Amino acid sequence: MANLNSEFKKLPRLVQILLLLIPGIGWITEIVVRLSAFLNGKATNQIIALILAIFIPIFSWIDLIWVILFKKLILT
């Protein structure tokens, strides 16, 4: 599996924002990117963020704000 976290960071900011803005797609995008980062060795922060993303779908809105400010997902 490719490291989708680094691929997500390479996307233009507008595309990142659009992927997180759409409710269902944002939730799925966040889970897939975090699962990819977890499988590629960044386990400590990613497992916490992955659990938050799965059980608290509103967490993707926090990530949306984080992407607008810093161009990356929170805890990555």
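Modeller: Buried means under 20% relative accessible area, exposed over 50%, partly exposed in between (1.4 Å probe, protein chains only). The model is predicted: local features need pLDDT of at least 70, side-chain atom pairs count only at pLDDT 80 or more, and totals for chains, interfaces and linings use all residues. Residues are numbered from 1 along each chain as its sequence is written, and side-chain values use heavy atoms, without hydrogens and water.

Colleague: Which residues of α3 are buried?

Modeller: Helix α3 covers residues 23-39. Helices here are DSSP runs (H or I, at least four residues), numbered from the N terminus. The buried residues of α3 are Gly26, Thr29, Glu30, Ile31, Val33, Arg34, Ser36 and Ala37.

Colleague: What is the relative accessible area of Thr29?

Modeller: Thr29 sits in helix α3. Setting aside neighbours within four places in sequence, Thr29 is in contact (heavy atoms within 4.5 Å) with Phe8 and Leu19. Thr29 counts as buried because its relative accessible area is 14%.

Colleague: How far apart are the end C-alpha atoms of α3?

Modeller: Start with the expected span: 1.5 Å times one less than the number of residues. For the 17 residues of α3 that comes to 24 Å. The model agrees, as the end C-alpha atoms of α3 lie apart by 24 Å.

Colleague: How do α2 and α3 lie, roughly parallel or roughly perpendicular?

Modeller: Helix α2 (residues 13-21) and α3 have axes that come within 5 Å and cross at roughly 110°. Axes are lines fitted to C-alpha atoms over the stretch in contact, with angles from 0 to 180 degrees between N-to-C directions. Under 35 degrees is roughly parallel, over 145 roughly antiparallel, 65 to 115 roughly perpendicular, the rest oblique. So α2 and α3 are roughly perpendicular.

Colleague: How many residues in the contact of α2 with α3 are nonpolar?

Modeller: Leu19, Leu20 and Leu21 of α2 meet Pro23, Ile25, Gly26 and Thr29 of α3. Ala, Val, Leu, Ile, Met, Phe, Trp, Tyr, Cys and Pro count as nonpolar, Asp, Glu, Lys and Arg as charged, and the others, Gly among them, as polar. In this contact of α2 with α3, 2 are polar, none is charged, and the nonpolar number is 5.

Colleague: How do α2 and α5 run, roughly parallel or roughly antiparallel?

Modeller: Their axes are 9 Å apart, and the angle is about 170°. Therefore α2 and α5 are roughly antiparallel.

Colleague: How many charged residues are in the contact of α3 with α5?

Modeller: α3 and α5 pack at about 75°, with axes 9 Å apart. Gly26, Trp27, Glu30 and Arg34 of α3 meet Phe59, Ser60 and Asp63 of α5. The contact of α3 with α5 has 2 nonpolar and 2 polar residues, and its charged residues number 3.

Colleague: Within what arc do the buried residues of α5 fall?

Modeller: Phe59, Ser60, Asp63, Leu64 and Val67 are the buried residues of α5. They line one face of the helix, because, seen down the axis of α5, they fall within an arc (of directions from the axis to the C-beta atoms) of 150°.

Colleague: How far apart in space are Glu7 and Lys71?

Modeller: Glu7 is in helix α1 (residues 4-10), while Lys71 follows α5. They are 64 residues apart in sequence. C-alpha to C-alpha, the distance between Glu7 and Lys71 is 12 Å.

Conventions
Helix = DSSP H or I, 4+ residues; strand = E, 2+ residues; numbered from the N terminus.
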